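Q: Could we go through a structure together, so that I learn how to read its features step by step?

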Amino acid sequence: MYEARPNVTIDAAALCLKSGNAIVLRGSSSAAHSNDVLAQIAAEASVAAGLPAGCVGLVAGGGREELAELATQRDTVDLIIPRGGEG
């Protein structure tokens, strides 16, 4: 989860894939188009490199309530790294 920093889309995806993890990205609405394009490129490149489809995903921004719900998914979510403002 990150604010309006589209470079984080690629940085985070690369770190996770290099360490053998899948990633679900969530950026801010102010950079939604850029994040969408970058996540698509990362997903396609990952599959082309032999990684499983779905190892890079992007979810649309939502409210803090949705993030609280995501944080309770202990069987499917191992780690959430918030990046951005204090809120």
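Q: What percentage of the residues in the chain is buried?

A: Please keep in mind that this is a predicted model. A residue counts as buried when its relative accessible area is under 20%, and in this chain such residues make up 21% of the 87 residues.

Q: How many helices and strands does the chain have, and in what pattern do they follow along the sequence?

A: The secondary structure comes to three helices and two strands, and reading along the sequence gives the pattern α-β-α-β-α.

Q: What radius of gyration does the chain have, and what would a compact globule have?

A: The general idea is to set the value for the chain beside the value for a compact globule with that number of residues. With 87 residues, such a globule would have a radius of gyration near 12 Å, and the 13 Å of the chain agrees with this. The C-alpha trace can also be described by its spans along the principal axes, which are about 35 × 30 × 15 Å.

Q: What share of the contacts joins residues at least 24 apart in sequence?

A: Taking the contacts between residues at least 6 apart in sequence, 69% join residues that are at least 24 apart.

Q: How do α1 and α2 lie, roughly parallel or roughly perpendicular?

A: One looks at how far apart the two axes come and at what angle they cross, and here the axes of α1 and α2, the latter covering residues 32-48, come within 9 Å and cross at roughly 25°. Angles under 35 degrees count as roughly parallel, and therefore α1 is roughly parallel to α2. The crossing of α1 and α2 is right-handed.

Q: Which residues of α1 and α2 meet?

A: On the side of α1 they are Thr9, Ile10, Ala13 and Leu17, which meet Asn35, Leu38, Ala39, Ala42 and Ser46 of α2. Sorted by kind, the residues of this contact between α1 and α2 are six nonpolar, three polar and no charged.

Q: Is Asn35 buried or exposed, and which residues does Asn35 contact?

A: Asn35, which is placed in helix α2, has a relative accessibility of 2% and so counts as buried. When neighbours within four places in sequence are left aside, Asn35 is in contact with Tyr2, Pro6, Thr9, Gly27, Ser28 and Leu58.

Q: Are Ser28 and Ser29 buried or exposed?

A: Ser28 lies in the loop between β1 and α2, and its relative accessible area of 16% makes it buried. Ser29 is found in the loop between β1 and α2 too, yet Ser29 is exposed, because its relative accessible area is 68% and the cut-off for exposed is over 50%. Not counting residues up to four places away in sequence, Ser28 touches Tyr2, Glu3, Ala4 and Asn35.

Q: How far apart in space are Ser29 and Ala4?

A: Distance along the chain and distance in space are two separate things to read. Ser29 and Ala4 are 25 residues apart in sequence, while their C-alpha atoms are 7.7 Å apart in space.

Q: Where is Ala22, and which residues does Ala22 touch?

A: Ala22 is in the loop between α1 (7-18) and β1 (23-25), and with a relative accessibility of 55% Ala22 counts as exposed. Residues up to four places away in sequence not being counted, Ala22 touches Cys16 and Cys55. For another distance, take Ala22 and Ala68, which are 46 residues apart along the chain and whose C-alpha atoms are separated by 20 Å.

Key
Residues are numbered from 1 along each chain as its sequence is written. This is a predicted model: local features need pLDDT of at least 70, side-chain atom pairs count only at pLDDT 80 or more; totals for chains, interfaces and linings use all residues. Side-chain values use heavy atoms; hydrogens and water are left out. Helices (H or I, at least four residues) and strands (E, at least two) are DSSP runs, numbered from the N terminus. Buried means under 20% relative accessible area, exposed over 50%, partly exposed in between (1.4 Å probe, protein chains only). Contact means heavy atoms within 4.5 Å. Axes are lines fitted to C-alpha atoms, for helices over the stretch in contact, and angles run from 0 to 180 degrees between N-to-C directions. Angles under 35 degrees count as roughly parallel, over 145 as roughly antiparallel, 65 to 115 as roughly perpendicular and the rest as oblique. A crossing is left-handed if the near helix is turned anticlockwise from the far one by less than a right angle, and right-handed if clockwise. Ala, Val, Leu, Ile, Met, Phe, Trp, Tyr, Cys and Pro count as nonpolar, Asp, Glu, Lys and Arg as charged, and the others, Gly among them, as polar. The radius of gyration is taken over C-alpha atoms; the globule rule is 2.2 Å times the number of residues to the power 0.38.
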